[in-house]
Amino acid sequence: MRHRQVLAVATVALFGLSGCADRPNDLDTYYDDPTPTPAVEPSQPSVKPQADPVPPPSTQAPVPAAVSAALLTDEDVAEEEVVPGEGKVSGCLTGLTRGTSRAATWSYASGSTLEHQVTEYTDRDASDVVTQADCDGKKLTLAKQTGVEVQRAWCDGTTCTVLLAKGNLVSALSVTAGTEARATEAARRLLPIVAQRLRSA
């Protein structure tokens, strides 16, 4: 009888051990849930990347072909040995922008500047604009260019400005140099090229 009791106890102990065989032998975690629920990190609001701002539609009217055709190009002024400038006109030329215009600027190695602007007027003749223009400085007499309706020029200090009119286009050239003589000479050299551009527009 005693032998049967011992066998029964051994059998119970064996089954008890087999039932715990899949549990880790760590007393700190023995009674923990064998499959702990993973910690849920607090959800963070999704941040959408900023889209590139959409530029507003252009409200500027397209530049007329005649204006572009009358504007000096880099090739036209290549012999002056200049490089493209900032594209901003100054002086007397700033008062001629009431119409649709385009401008180009160049710089000499010496620091002198060359500016050219072509403006189209739809409400008045270009000859009226040039005739009524009042630039500062003393009047400069240059060779009259053929195919040009009105031509006027001034020198104010070391800046010389030439205005030409044909149809509804005004072509304005301005040269700023170290001396008035150099500005005048540059204006004389470039005047025939400016007039040719205006005639072909």
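Contact here means heavy atoms within 4.5 Å of each other. By that rule, and not counting residues up to four places away in sequence, Ala195 touches Gln145, Val148 and Leu164. The model described here is a predicted one.

Ala195 belongs to helix 4. Its relative accessibility is 0%, so Ala195 counts as buried. Ala195 and Leu164 are 31 residues apart along the chain, and their C-alpha atoms are separated by 7.4 Å.

Seven strands make up an open sheet, and their order across it is 1-2-3-7-6-5-4, with antiparallel pairing. Strand 1 (82–84) and strand 4 (138–139) are the edge strands; each has a single partner strand, so one side of each is left without a neighbour in the sheet. Strands of a sheet pair through backbone hydrogen bonds, either parallel or antiparallel.

Strand 7 (residues 169–176) pairs with strand 6 in the antiparallel sense, over eight bridges. Strand 3 also pairs with strand 7 in the antiparallel sense, and eight bridges join these two strands. How much of strand 7 is buried? Seven of its eight residues are, so strand 7 is largely enclosed by the rest of the structure.

## Two hairpins around strand 6

Strand 5 (residues 150–156) and strand 6 run antiparallel and are joined by seven bridges. They form a hairpin with two residues between them, and Gly157 in the turn has a positive phi of about 70 degrees. Asp156 stands opposite Thr159 of strand 6.

Strand 6 and strand 7 form another hairpin, which also has two residues between the strands; here Gly167 has a positive phi near 65 degrees. Lys166 has Leu169 of strand 7 as its bridge partner. Further along this pairing, Leu163 is opposite Ala172, and Thr161 is opposite Ser174. Strand 6 itself (residues 159–166) is mostly covered, with six of its eight residues buried.

## The disulfide

How many disulfides does a search of the whole structure find? The search finds one. Cys155 and Cys160 form this disulfide, and their sulfur atoms are 2.0 Å apart. The link of Cys155 and Cys160 is right-handed, with 95 degrees about the S-S bond. Both Cys155 and Cys160 are buried.

## Nonpolar cores

The largest nonpolar core contains 31 residues, and those with the most contacts inside it are Leu114, Val162, Leu164 and Leu173. Two or more residues of this core come from each of helix 2 (65–70), strand 2 (100–108), strand 3 (113–120), strand 5, strand 6, strand 7 and helix 4 (180–200). Helix 4 gives the most to this core, with eight residues.

Val162 shows how several parts of the chain meet. Leaving aside neighbours within four places in sequence, Val162 is in contact with Leu142, Arg152, Ala153, Ser171, Ala172, Leu173, Ala187 and Leu191. There is also a second, separate core of twelve residues, which includes Val129, Ala133, Val150 and Ala165.

## Helix 4

Helix 4 has 21 residues. From its first C-alpha to its last, helix 4 reaches 30 Å, close to the 30 Å expected at 1.5 Å a residue. Where does helix 4 bend by about 40 degrees? The bend is at Leu190, and a proline, Pro192, follows within four residues.

The buried residues of helix 4 are Ala183, Thr184, Ala186, Ala187, Leu190, Leu191, Val194, Ala195 and Leu198. An α-helix has 3.6 residues a turn, so residues three or four places apart point the same way. What covers the buried residues of helix 4 includes helix 2, strand 2, strand 3, strand 5, strand 6 and strand 7.

Conventions: Residues are numbered from 1 along each chain as its sequence is written. This is a predicted model: local features need pLDDT of at least 70, side-chain atom pairs count only at pLDDT 80 or more; totals for chains, interfaces and linings use all residues. Side-chain values use heavy atoms; hydrogens and water are left out. A disulfide is a pair of cysteine sulfur atoms within 2.5 Å. Buried means under 20% relative accessible area, exposed over 50%, partly exposed in between (1.4 Å probe, protein chains only). Two strands pair if DSSP finds at least two bridges between them. A nonpolar core is a set of buried Ala, Val, Leu, Ile, Met, Phe, Trp, Tyr and Cys residues joined through side-chain atoms within 4.5 Å. The expected span of a helix is 1.5 Å times one less than its number of residues. The bend at a residue is the angle between axes fitted to the seven residues ending there and the seven starting there.
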